[in-house]
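I set out to record what I looked up in a structure that was new to me. The entries are kept in the order of my reading.

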Amino acid sequence: MSGHGAPIPMTSSKCGALKGMAEVPGDKSISHRSLILGALAVGETRIFGLLEGDDVLDTARAMRAFGVEVTDHGGGEWSVNGVGVGGFAEPDQVIDCGNSGTGVRLIMGAMATSPITATFTGDASLNSRPMARITDPIVLFGAQSFGRKGGRLPMTIVGAVDPLPVSYTVPMPSAQVKSAVLLAGLNAPGKTVVIEREATRDHTERMLAGFGAEIEIENTDEGRVIRLTGQPELKPQTITVPRDPSSAAFPVCAALITEGSDVLVPNIGLNPTRAGLFTTLIEMGANLSFENERSEGGEPVADLRARFSPDMKGVEVPPARAASMIDEYPVLSVVAAFARGDTIMRGVRELRVKESDRIEAMATGLRANGVEVEDGPDWWIVTGKGPGHVPGGATCASHLDHRIAMSFMILGMGSEKPVSIDDGSPITTSFPVFESLMAGLGAQIRRSNP
Ligand code: S3P
């Protein structure tokens, strides 16, 4: 169980050029899926480069609670001895998914079509997030859910005894919901069909195909139609997890706003359903280049080089790009503060139901640091102050949200006065080596007294 113990206040101060290699950890989305799909295969899946952040460690613990042997061999190498589709045992303890929406939502889907009961909980952030988006489709398979008011955790799921396949149109752009329905569909006989109006990250589909499931994808006028044949025997895999583009975003954006910087992030995943931030930064005038583009384990990867970019300008980010950079808007808003002109972000309602309300959290902190921000239900606009002209000087609340905490630490690197956060402890959920990696590049982040 990941807990948020004592808060860890942190302060980030203006630094000189950031230089060197940023070996960011493994992809969080692919790490969760490697453990869960490995658990549902028959035999031993080996995983190299698993993200050992709290979110993924909570998923590993959850898989053990469902009767799956999960072994940490050290150095990012893990193995999962899968029990097969439908082979989960009933956990005898409450499953604590900590801070992880991806973990709890995917696992609820994966167990919903097995005749077992499980109770899920999380930290204060996770227990305030909406779960009806998962319980609505899983009841169609025959599962039942009993949660708190508003469909919140803690919540008990009673898995279906005789699951039925379903056809489900995902009402919001969400890879977690799509994936939960597909994972539930694995143990339903016949074809489960999921339709998404806007494409979201497709790691589940790619990995299901890799594990030997029969899965077809068709792009139609209604959207992306995914058809999965239930009750396959999944074959164990050897998986090398690419480095997380969402974590790479932090050293990359730091380099863009810090004079003289030149940072290389090797081996990052560049799946097009995840790479929207880099497209946006290039449109803004960022000095980014991709080297060594190649494919590894069914995912496109490359080495990404980022250099100081003093001439960035604000852009309008099209809503159609939102899903491919949904986790990167907080750090984009920081880069926008150092660009010239307005950066307009629309079609981003989902940001309000992440680990925190990310529009509110960033807008409040940016304003406190002297940056003008306007916001509405599903849009926000950051007015850039230009390079070197962000005042800084304020302490921001991280709201149990790793990406908010890291974004404000990046803000401090280019601001006139240091920027602080009340609590950097959530950073370990996705980027446990953030402080040491950034320090190695030349950043000045220190733990401060509360
Ligand atoms: C994720 C999907 C996204 C993203 C999250 C990881 C996934 O959430 O924000 O960090 O691995 O499927 P939504 O599905 O809620 O958009």
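**Entry 1. Basis.** I noted that this is a predicted model, in which local features need pLDDT of at least 70, side-chain atom pairs count only at pLDDT 80 or more, and totals for chains, interfaces and linings use all residues. Residues are numbered from 1 along each chain as its sequence is written, and side-chain values use heavy atoms, with hydrogens and water left out.

**Entry 2. Helix 1 and helix 2.** I looked up how helix 1 runs against helix 2 (residues 54-65): the axes come within 9 Å and cross at roughly 5°. Helix 1 is therefore roughly parallel to helix 2 (angles under 35 degrees count as such). Axes are lines fitted to C-alpha atoms, for helices over the stretch in contact, and angles run from 0 to 180 degrees between N-to-C directions. Helices (H or I, at least four residues) and strands (E, at least two) are DSSP runs, numbered from the N terminus. From helix 1, Lys 28, Ser 31, His 32, Leu 35, Ile 36 and Ala 39 meet Asp 55, Val 56, Thr 59, Ala 60 and Met 63 of helix 2, contact meaning heavy atoms within 4.5 Å. I recorded 6 nonpolar, 3 polar and 2 charged residues in this contact. Ala, Val, Leu, Ile, Met, Phe, Trp, Tyr, Cys and Pro count as nonpolar, Asp, Glu, Lys and Arg as charged, and the others, Gly among them, as polar.

**Entry 3. Helix 7 and helix 11.** I then turned to helix 7 (residues 245-257) and helix 11 (residues 402-414), whose axes come within 9 Å and cross at roughly 15°. That makes helix 7 roughly parallel to helix 11. Helix 7 contributes Ser 246, Phe 250, Cys 253, Ala 254 and Ile 257 to the contact, and helix 11 contributes Arg 403, Met 406, Ser 407, Ile 410, Met 413 and Gly 414. By class, I found 7 nonpolar, 3 polar and 1 charged residues there.

**Entry 4. The largest pocket.** What volume does the largest pocket have? I read about 480 Å³. Its lining consists of 31 residues, and Pro 173, Ser 174, Ile 326, Glu 350 and Lys 354 lie nearest the centre. The lining has 8 nonpolar, 8 polar and 15 charged residues. Helix 1 (28-40), helix 3 (101-111) and helix 5 (175-185) each supply at least two of the lining residues. On a 1 Å grid over the protein atoms alone, a cavity is a set of points where a 1.4 Å probe fits but cannot get out, and a pocket is an open set with protein on both sides within 12 Å along at least five of seven lines; lining residues have an atom within 4 Å of a point. Grid points are joined across faces, edges and corners, and a volume is the space filled by probe spheres set on the points.

**Entry 5. Cavities.** I found 2 cavities of 30 Å³ or more. The largest cavity, of about 40 Å³, is lined by Arg 33, Ile 36, Leu 37, Leu 106, Ser 179, Leu 183 and Thr 204. Helix 1 gives the largest share of this lining, 3 residues. The second largest cavity has a volume of about 30 Å³, and its lining includes Asp 27, His 203 and Glu 299.

**Entry 6. Backbone.** I noted a cis peptide bond between Leu 153 and Pro 154, with omega about -5°; Pro 154 lies in strand 9 (residues 152-158). Gln 231, in the loop between strand 13 (223-229) and strand 14 (238-240), has a positive phi near 55°. Most residues other than glycine have a negative phi, and most peptide bonds are trans.

Note on methods
Angles under 35 degrees count as roughly parallel, over 145 as roughly antiparallel, 65 to 115 as roughly perpendicular and the rest as oblique.
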